[in-house]
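Work through the exercises below with the sequence and the model at hand, and try each task before reading its solution.

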Amino acid sequence: MRQEITVQRNLPVNLNPKDRHLFESSLMATFERLFPVHLKNAWVLQDTVFSPGELKFYSSHTHNSLLGFPQFAKRTILCATKAWKTIPKGMWVIDEWSANYFHWMTDCLPRIWEGLERDPACPVILPESFKSLSYVTQTLGLLKIKVEFYKSRENLSVKTLILTARTAPFPHFNVPLVQKTRVKLAVNPVQDPWKKVFISRKLATKRKAHNELEVELLLRKKGFEIVNTEQLTIQQQIQLMSETELLVCLHGAALANMIFMKEGMKILELRNMNDSLTQCYFNLSSALGLQYFYTLNKGDSKNTIMTNFTIDLKALEEALFLLEIEKA
C-alpha cells in the first residue's frame, strides 16, 4: 500500500534572485511512500527480510537500491550455514544508509514512531555492529526503547515482525513524523533560545573549510559559540540546540541537529557554489518550520558530499548582518 504526499517549501529568507534556480525544483515535491507491513514467521537474512510463507524478499522495505536475483541468491547462500536465533517479535527500521547520524535521525526514528504506533512494546531489531554507534544507543536509551541485537553469524526467525519502510524518499521528509522526533527528544530551555552556534567540521574526515580559522575568528567576534559535536553526547547536543537561536554549519550531518531547535529559529547553511542537487537541509528546515539562510562557497569540486570548501567570508558577514537586522 502506498501513500502520495505533496509538500510545499518557501524560498530562503536571504535569497539572492540570481540564485533562485538553485532552489526552484525543491519548492514543491510530490512523492510516494510505502506503509509498514506485518509479517508472521519472517526471517532476517543478513540485511534483508524474507517471508517464507510468501516466498518473498521485502527489499523495498530494507534497501534504497532494490535488490535483484543475484543479490538474493548471494545472501541465501551466505546465510545457509549460519545459526538461527528466534525472537517473539520485533520491528525493522533500517536500510543500507542507516549507520549514519543524519539518516538515523531523519529516516530511522520516523520509522520507529510508526512501529511503536502499532505495538508500543515492540523492540527494534538491529545488527550488533550498531552497538558501536553512540548516537544509536544513546537515542534509544533516552527513548527507553528495547533493542534486539543480532550477530553477523546469525539468522533471525521473528514470530511477528513489523516491517517499516522509509517514510519519505531522500531528500524529502515526512513532516508530521520528523516533527514527532522533535517532540519526543527535544527539551524546553529555561528561556527563549538565545545562543548563536557554529558547528565546526575540523574533526571530520571530509567537507572541511580550508579557512576554518578565519571563519571561527569572524564568528567569535559576532558572539558565536564554536562546537565540535563529535565531543558531545546526544543529550548535550539536544540541550544545546534547544538553546540555539541561530545555527551555522557547512553542509554535513551535524546540521541534522536542527531537529532539536524550536520552531521559528534560524539556520545558515554554508553551501557549495552552483549546487542545486543537495537540498536535504533546505528541505529539512522547511519540514521543521525553521527560517533558512545560506551562503555560496567555492568547493574543490562539484561533488558537495566529498569536497572541501573555501568559505566566502564577505558573503558570510553579509548574511550575519542581515540576520541581525531581522532580529532587530
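In what follows, Ala, Val, Leu, Ile, Met, Phe, Trp, Tyr, Cys and Pro count as nonpolar, Asp, Glu, Lys and Arg count as charged, and the others, Gly among them, count as polar. The model is predicted, so that local features need pLDDT of at least 70 and side-chain atom pairs count only at pLDDT 80 or more, while totals for chains, interfaces and linings use all residues. Residues are numbered from 1 along each chain as its sequence is written, and side-chain values use heavy atoms, with hydrogens and water left out.

**Exercise 1. The cavities**

Find which residues line the largest cavity, and describe the lining by class.

Solution. A cavity is a set of points, on a 1 Å grid over the protein atoms alone, where a 1.4 Å probe fits but cannot get out, and its lining residues have an atom within 4 Å of a point. By this rule there are two cavities of 30 Å³ or more, and the largest holds about 80 Å³ of space, a volume being the space filled by probe spheres set on the points, which are joined across faces, edges and corners.

The lining of the largest cavity consists of K196, E245, L246, K266, L323, E324 and K327. By class, the lining of the largest cavity has two nonpolar, no polar and five charged residues.

The second largest cavity, with about 30 Å³ of space, is lined by K196, K222, F224, L246, L320, L323 and E324.

**Exercise 2. The salt bridges**

Explain what parts of the chain the pair R166 and D95 ties together.

Solution. A salt bridge is a side-chain nitrogen of Lys or Arg within 4 Å of a carboxyl oxygen of Asp or Glu, and the whole structure has 20 of them. Because R166 lies in the loop between β9 (154-163) and α6 (175-185), and D95 in the loop between β6 (83-92) and α4 (101-118), the pair ties together parts that are 71 residues apart in sequence. Both R166 and D95 are buried, where buried means under 20% relative accessible area, exposed over 50%, and partly exposed in between (1.4 Å probe, protein chains only). A network of salt bridges links D95, D107, R111 and R166.

Next consider E317 and K222, whose closest N and O atoms are 3.8 Å apart in a salt bridge. Since E317 lies in helix α10 and K222 in the loop between α7 (212-221) and β11 (225-227), this pair ties together parts that are 95 residues apart in sequence. E317 is partly exposed at 39% relative accessible area, and K222 is partly exposed at 33%.

**Exercise 3. The sheet**

State in what order the strands of the open sheet follow one another.

Solution. Two strands pair if DSSP finds at least two bridges between them. Seven strands form the open sheet in the order β5-β4-β3-β9-β6-β7-β8, with mixed pairing, and the edge strands, each pairing on one side only, are β5 (56-57) and β8 (147-150). Strands β3 (residues 37-45) and β4 (residues 48-51) run antiparallel and are joined by three bridges, with V44 opposite V49 in β4.

Terms used:
Helices (H or I, at least four residues) and strands (E, at least two) are DSSP runs, numbered from the N terminus. On a 1 Å grid over the protein atoms alone, a cavity is a set of points where a 1.4 Å probe fits but cannot get out, and a pocket is an open set with protein on both sides within 12 Å along at least five of seven lines; lining residues have an atom within 4 Å of a point.
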